Amino acid sequence: MAYYFEDFSIGDAFTSPGRTVTESDVTVFAGLSGDYNPLHTDEEFAKETIFGTRIAHGLLGLSMVSGLVMRLGVFDGTVIAFLGLEWTFTGPLFIGDTIHFEMKIIEKRETSKADRGIIVREVLLLNQKNEVVQKGTMTIMMKRKPEKLVE
């Protein structure tokens with residue numbers, strides 16, 4: 001069930017289900033984005049890099065976070081807008097990695113409009129070794145409970 005602005009408290013934490021990064025994910029993302037960097041698409045080239053093999057696009061990992069957020073169900077139908085993010089890529093995301101995120105509500109503020117509020121979420125994207133491969137904050141605008149539901 002989706003949460004409204006009022007349902008969140010500073011410090012609330014959520015953990016997503018896992019998802020494995022596949023060869024198909026990388027191929028489709030390269031086609032969608034137009035990013036055919038050989039680091040992602042050419043194994044022979046990638047063998048000579050510091051990673052020793054191809055890695056997934058950093059933005060693919062960020063996009064997967066967006067999908068995993070929706071799998072939580074707590075934001076379904078109550079998010080009005082994605083307002084921004086600050087994001088850091090801290091480690092490689094390999095094909096075959098199984099990722100999940102840990103998310104914490106770190107800021108909550110009202111707006112000048114009574115029907116909405118702002119939530120800032122701290123997000124850590126982790127691989128199967130529990131290594132942080134990406135992290136940052138995501139800011140969203142949320143619906144507030146309709147007046148008849150607010151006590």
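Predicted model: local features only at pLDDT ≥ 70, side-chain atom pairs only at ≥ 80, totals over all residues.

Student: Which residues in H4 are buried?

Tutor: They are Leu-60, Gly-61, Leu-62, Met-64, Val-65, Leu-68 and Val-69.

Student: What span should the 15 residues of H4 have, and how far apart are its end C-alpha atoms?

Tutor: At 1.5 Å a residue, H4 should span 21 Å; its end C-alpha atoms are 22 Å apart, so the two values agree.

Student: And what follows H4?

Tutor: Gly-73 follows H4, and the phi of Gly-73 is positive, near 85 degrees.

Student: How many residues does the largest nonpolar core have?

Tutor: That core has 28 residues, and Phe-8, Val-21, Val-65, Phe-75 and Phe-101 have the most contacts inside it. Its largest share, 6 residues, comes from H4.

Student: What is Phe-75 in contact with, leaving aside its neighbours within four places in sequence?

Tutor: Its contacts are Ala-2, Phe-8, Val-69, Met-70, Met-103, Arg-121, Ile-140 and Met-142.

Student: A change of topic: where does Asp-35 lie?

Tutor: Asp-35 is in the loop between H1 and helix H2 (38–41). Not counting residues up to four places away in sequence, Asp-35 touches Ala-30, His-40 and His-57.

Student: How far apart are Asp-35 and His-57 in sequence and in space?

Tutor: They are 22 residues apart in sequence and 8.4 Å apart in space, C-alpha to C-alpha.

Student: What does the side chain of Asp-35 reach at 3.0 Å?

Tutor: It reaches the backbone nitrogen of Asn-37.

How values were computed. Residues numbered from 1 in each chain as written. Heavy atoms only, no water. Core = buried A, V, L, I, M, F, W, Y, C linked by side-chain atoms within 4.5 Å. Buried < 20%, exposed > 50% of the residue type's maximum accessible area, 1.4 Å probe, protein only. Helix = DSSP H or I, 4+ residues; strand = E, 2+ residues; numbered from the N terminus. Contact = heavy atoms within 4.5 Å. Expected span 1.5 Å × (residues − 1). Polar contact = N/O pair within 3.5 Å; in protein donor to acceptor, adjacent residues only side chain to side chain.
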